[in-house]
Amino acid sequence: MAKIVVKKKIRSRRSLANPYSSDTLHHRLVQSGAIDLENNYVEEDLGNGYFSVKPIDKSKKLK
């Protein structure tokens, strides 16, 4: 009879914390359908030291 050996891949703590470490940030943003804010945003002053950045055209996605 042949001996069958099954090995489990043990994932390190680092790979469990960030499973997308092999992907680039741009690739992850394209996959998530993020809005391209390059020359497509308006800054709104909230008056308390903070700003809000809002897109002008929400249909413009990253490619």
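How many of the 63 residues of the chain count as buried? The share is 6%, where buried means under 20% relative accessible area, exposed means over 50%, and partly exposed lies in between (1.4 Å probe, protein chains only). Please keep in mind that this is a predicted model, in which local features need pLDDT of at least 70 and side-chain atom pairs count only at pLDDT 80 or more, while totals for chains, interfaces and linings use all residues. Residues are numbered from 1 along each chain as its sequence is written, and side-chain values use heavy atoms, with hydrogens and water left out.

**Overall layout**

- The chain has two helices and two strands, and from the N terminus on they run α-α-β-β; helices (H or I, at least four residues) and strands (E, at least two) are DSSP runs, numbered from the N terminus.
- The radius of gyration of the chain is 22 Å, well over the 11 Å that the globule rule gives for 63 residues, so the chain is more spread out than a compact globule.
- That radius is taken over C-alpha atoms, and the globule rule is 2.2 Å times the number of residues to the power 0.38.
- Along its principal axes, the C-alpha trace spans about 75 × 30 × 15 Å.
- The accessible surface comes to about 6,400 Å², and 55% of it belongs to carbon and sulfur atoms; accessible areas come from the Shrake-Rupley method with a 1.4 Å probe, and for residues only the protein chains shown count as cover.
- Among contacts between residues at least 6 apart in sequence, 30% join residues at least 24 apart, a contact being heavy atoms within 4.5 Å.

**The hairpin**

- Strand 1 pairs with strand 2 (residues 51-55) in the antiparallel sense over five bridges; two strands pair if DSSP finds at least two bridges between them.
- The two strands form a hairpin with five residues between them, and Gly47 in the turn has a positive phi of about 85°.
- Across the pair, Glu44 has Ser52 in strand 2 as its bridge partner, and Val42 stands opposite Lys54.

**The salt bridge**

- The count comes to one salt bridge, defined as a side-chain nitrogen of Lys or Arg within 4 Å of a carboxyl oxygen of Asp or Glu.
- Glu44 forms a salt bridge with Lys54, with the closest N and O atoms 3.1 Å apart.
- This pair links distant parts of the chain, with Glu44 in strand 1 and Lys54 in strand 2, 10 residues apart.
- Glu44 counts as partly exposed at 34% relative accessibility, and Lys54 also counts as partly exposed, at 43%.

**The nonpolar patch**

- Leu37, Tyr41 and Val53 make a nonpolar surface patch of about 250 Å².
- Patches are made of residues with over 30% relative accessible area and no salt bridge, with like charges joined within 9 Å and nonpolar side chains (Val, Leu, Ile, Met, Phe, Trp, Tyr) within 5 Å.
- Leu37 sits in the loop between helix 2 (25-32) and strand 1 (41-45) and is partly exposed, with a relative accessible area of 35%.
- Val53 belongs to strand 2 and is partly exposed, with a relative accessible area of 46%.
- Leaving aside neighbours within four places in sequence, Val53 is in contact with Leu37, Tyr41 and Val42.
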